[in-house]
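Please view the sequence and the model together while reading.

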Amino acid sequence: ERRRCKLADFEDRDGKIRELESALGSALESVRRAGAKLTQARRKAGAFLAAAVTKELHGLGFLQAGFSVAISAREPDASGCDSVSFHFEPNPGESARELANIASSGEIARVMLAIKGILSAHDPVAVIVFDEIDANIGGDVGRMVGEKMRSLSAQRQVIAITHLSQSAVYGRRHLVVSKSVAGGRTRTGISVADGEGRVSEIARMLGGETLTSVVKRHAKELLNLSC
């Protein structure tokens, strides 16, 4: 019986191929219909995301920057029929190009912060970690980044690793990470900085190990301004 079935299968091979090709065509058409709906939804969401992120970037020091979501067609796979990429225009008069190819580390950090700010209301993740997101920036932009991270902390637990005093002062809790060598091994320690300890740590970030009265006064002013 098994042999008869196998022989019948071989003899009707052309019919089987036609049947499979028909099923494949139907499945592909179904995928393309579903993909078209997904593309439409992506274009709508992409336009909203682009406008919202651009507005956020203006508040992070990119006063004339632009952000856009590019959607292009490709062969369907498990994620749909589109390739999606983020494009960035840091300065007016320059064409928007793919973010990953043109942005500096400081620019990418701020774009990421803007995107996280927009998506925080929809993202189920309870904790957001920013590892030196304020790298290669300073001054007033550092303050803007600190303010944005504080606003994010209203909905999520935010942990920020930073060496920038203008951002650090906006944290609700300040932990100092230090390294030491004991018994031939390097050890890492973490301590809470509060009160005068926090002032000293912000001052150290501002002026190094020599804590003059001027630097400490500046640290206190930064902390007062961040409240």
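The sections below treat the aromatic pairs and then the nonpolar cores.

## Aromatic pairs

The structure is a predicted model. A search of the whole structure finds 2 aromatic pairs. In one of them, the ring centres of F62 and F88 are 5.5 Å apart and the planes stand at 80°, so the pair is edge-to-face. F62 belongs to the loop between α2 (13–58) and β1 (66–77), while F88 is in strand β2 (residues 80–89), so this pair ties together parts 26 residues apart in sequence. Both F62 and F88 are buried.

F67 and F86 also form a pair: their ring centres lie 5.2 Å apart with the planes at 55°, so this pair is tilted. It links distant parts of the chain, with F67 in strand β1 and F86 in strand β2, 19 residues apart. F67 counts as buried because its relative accessibility is 5%, whereas F86, at 33%, counts as partly exposed.

## Nonpolar cores

The largest nonpolar core has 28 residues, of which V53, L57, L113, F130 and V145 touch the most other members. At least two residues of this core come from each of α2, α4 (105–119), β4 (127–131) and α5 (139–152). The most is given by α4, with 6 residues.

Beyond its neighbours within four places in sequence, V145 is in contact with L60, R110, L113, I133, D134, I137 and S167. A second, separate core comprises 11 residues, including V169, A203, M205 and L222.

Definitions and conventions: Residues are numbered from 1 along each chain as its sequence is written. This is a predicted model: local features need pLDDT of at least 70, side-chain atom pairs count only at pLDDT 80 or more; totals for chains, interfaces and linings use all residues. Side-chain values use heavy atoms; hydrogens and water are left out. Rings of Phe, Tyr and Trp (its six-membered ring) pair if their centres lie within 6.5 Å; planes under 30 degrees apart count as stacked, over 60 as edge-to-face and the rest as tilted. Helices (H or I, at least four residues) and strands (E, at least two) are DSSP runs, numbered from the N terminus. Buried means under 20% relative accessible area, exposed over 50%, partly exposed in between (1.4 Å probe, protein chains only). A nonpolar core is a set of buried Ala, Val, Leu, Ile, Met, Phe, Trp, Tyr and Cys residues joined through side-chain atoms within 4.5 Å. Contact means heavy atoms within 4.5 Å.
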